[in-house]
Amino acid sequence: MSDNEDLELQALQRQLDDAFETTRPRGGFEDELWSRMQARRPLSRRVAEFFGGLVGTMREVPAVPAAAVAVVLISAIGIGLIALSGIHLGGGGGTTAGSAPLRSEAGSSRSNATSFGRLPSPSLQQPPTAATAPQPTKGATDQSAQSVLYLGPATLVWAGPQPSVLITSAPVYRFREPTEADAGQFATALGASNSNHRAGTLGEFSGPGFVLGVVGSSRQPLSEPRFYITPDQSRLPPPGPTPTDTAAAFLSVHSLVPAWSYVVVTDQLADTTRVVYLRQFEVPTYGSAYVVNTYGVRYGLEVDVRRGQPLQAFGPLPLPLDVANYPVISSDQAINLAFVSKPSAPASIQPEPTVQLTTFELVYALVNAGDHSFYEPAYLLSGTFTSNGTTYVKRVLVPAVDPSQRSS
Amino acid sequence: MAGVGSNNHETAYDSAVFADRPPFEDLYRDFLGRIYAYVRAQVSTAADAEDITAQVFMNAYQAYGRFEARNTTPAAWLFRIARNATLDHFRAHGRRERLRRTIEHQPQGVEDPAGMAEERIQYRALLAHVAGLPERQRDAITLRHSGLSFEEVGTLMACSEDAAKMLYHRALKALRASVQAEDVS
């Protein structure tokens with residue numbers, strides 16, 4: 001077999017890896033199915049397990065007075081029965097309840113907060129399979145192309161230049177999970193009306209020549225609320241001169257050009273060009289920091305273009321962001337913390353590799369905290385190494401927010 | 001606890017809890033996405049893939065009490081159930097669906113926009129080519145790229161590890177030829 005054929009087959013394997021890794025059920029399916037499976041178990045068993053777990057928890061706290069245990073138990077009985085019966089209590093009491101207008105993320109929509117309290121920490125996750133790492137979009141980064149992502153234990157050595165990140169604080173952004181009402185407002189603003197409630201979405205709407213959908217946050221893989229918009233293929237304008245032009249025109253027509261900072265890059269796969277608006281946050285005295293996903297790869301709003309026509313756009317739902325400034329650790333501290341950080345995945349390479357970390361970058365990473373989420377600053381360190389003929393990229397994500405301000 | 005031999009859900013779950021094996025919830029979280037992708041690569045709609053995936057985990061949930069960790073890996077065990085469920089689907093629906101997908105392996109326009117968003121549109125054509133491969137080649141590709149080792153692929157396909165590697169390599173070449181043929185046309 002010629003070298004060319006070899007390379008073609010390797011490229012095909014990488015496409016297959018990516019195809020299988022990115023093919024996932026819609027948001028909400030995981031929870032729905034789990035609920036269905038639980039619901040098929042006998043009620044008596046569920047009640048027993050609920051209280052079994054509760055008693056187990058109490059045993060771990062021996063100093064709890066008996067009277068307090070009784071009060072908790074009585075309360076728990078009520079809560080447990082309500083939860084297990086599927087009854088939903090009213091929505092009162094939630095601090096973020098309500099239907100605030102869904103606005104764009106322009107500066108005017110941000111509200112400044114003194115603090116969000118202690119923050120959960122961002123982290124990387126191993127892709128579902130031990131296959132090729134999700135590939136950075138061309139132009140997004142020049143590192144790790146054609147490499148396998150490795151998040152397991154390794155002996156780390158800093159071998160790069162002195163990092164030029166010299167900041168003492170950075171903004172943290174917070175948004176609350178959108179409701180169906182928010183999704184409806186977003187659709188209305190785009191000229192779409194409610195067409196149906198599609199399971200697993202916050203709404204799917206149809207407008208003149210397009211279908212729009214909104215999905216909430218997902219935990220696996222971690223992502224923020226997103227929208228997708230698909231044009232009616234029978235009502236498309238003439239093909240654009242370049243995929244980037246086509247994408248820009250498509251977004252502009254639908255008022256979906258991002259209000260946030262971005263850098264446009266493209267990626268080619270078969271006959272489809274993906275135009276990606278890589279998202280950035282501005283950090284005072286530093287500049288722009290890319291948002292990275294749970295694998296440490298830059299991402300943003302994507303528009304797929306084929307034969308000069310838009311196929312679909314898919315990206316973060318425009319949401320109002322609260323912002324608060326937090327103290328951050330220095331780059332030296334970050335490097336030292338990277339050396340002692342807990343690996344994000346178990347060991348899969350023996351012997352444990354030694355990795356020279358050579359790149360250091362301030363990034364933003366998403367952290368979900370239930371009904372709200374954060375974009376938090378973090379330092380992404382990376383380097384490559386080879387083991388048994390395979391090139392790996394090792395990434396370490398160190399939360400930038402000072403440890404005294406973090407809950408985990 | 002219910003007696004051995006009962007096949008109700010309670011028995012299966014309780015056995016799993018008391019035996020030395022990971023909680024089923026861990027398997028569920030680790031494998032749901034992979035099983036879905038494996039199924040989705042072979043059927044034409046996201047709805048079918050969800051139905052089959054649901055059936056896989058319902059079956060696995062019931063059978064987990066009988067899972068023997070020393071005999072097989074959780075991955076091979078789950079993918080065996082998934083493979084059987086997918087084959088059952090094809091038996092129930094005939095080969096018409098696969099034929100249709102082979103012919104119409106273009107994105108479905110507005111027919112399934114949510115599915116398109118979730119599944120990354122640019123890969124759908126590639127996966128449609130996979131779906132159009134002969135059954136054993138398709139199996140080799142889908143199982144391997146679902147994260148199984150060649151040993152596990154061989155076990156599931158009732159052949160040796162080396163045979164699985166050869167079959168996979170042939171399948172890869174066939175897939176490349178299929179993709180190139182479309183590019184030419």
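Modeller: Let's start with A:Tyr286, which has a relative accessible area of 29% and so counts as partly exposed; buried would be under 20% and exposed over 50%, using a 1.4 Å probe and protein chains only. This is a predicted model, where local features need pLDDT of at least 70 and side-chain atom pairs 80 or more, totals for chains, interfaces and linings use all residues, and side-chain values use heavy atoms, without hydrogens or water. Residues are numbered from 1 along each chain as its sequence is written, with chains lettered from A and ligands numbered from 1 in the order written.

A:Tyr286 sits in the loop between strand E12 (272-283) and strand E13 (287-292) of chain A. Helices (H or I, at least four residues) and strands (E, at least two) are DSSP runs, counted from the N terminus. Leaving out residues up to four places away in sequence, A:Tyr286 touches A:Val165, A:Ile167 and A:Leu362, where contact means heavy atoms within 4.5 Å. Take A:Leu362: 76 residues separate this leucine from A:Tyr286 along the chain, yet their C-alpha atoms are 9.0 Å apart.

Elsewhere in chain A there's helix H5 (residues 180-189), whose buried residues are A:Asp182, A:Ala183, A:Gly184, A:Phe186 and A:Ala187. As a reminder of the geometry, an α-helix has 3.6 residues a turn, so residues three or four places apart point the same way. After H5(A) comes A:Gly191, with a positive phi near 85°.

Chain A averages a pLDDT of 77, and 74% of the residues score at least 70; pLDDT is the predictor's confidence in each residue, from 0 to 100. Over residues 42-109 of chain A the pLDDT stays under 50, and the model has 67 contacts beyond four places in sequence for them. Residues 130-145 of chain A are also below 50, with 45 contacts beyond near neighbours in sequence. Where pLDDT is low, the predicted coordinates should not be read in detail.
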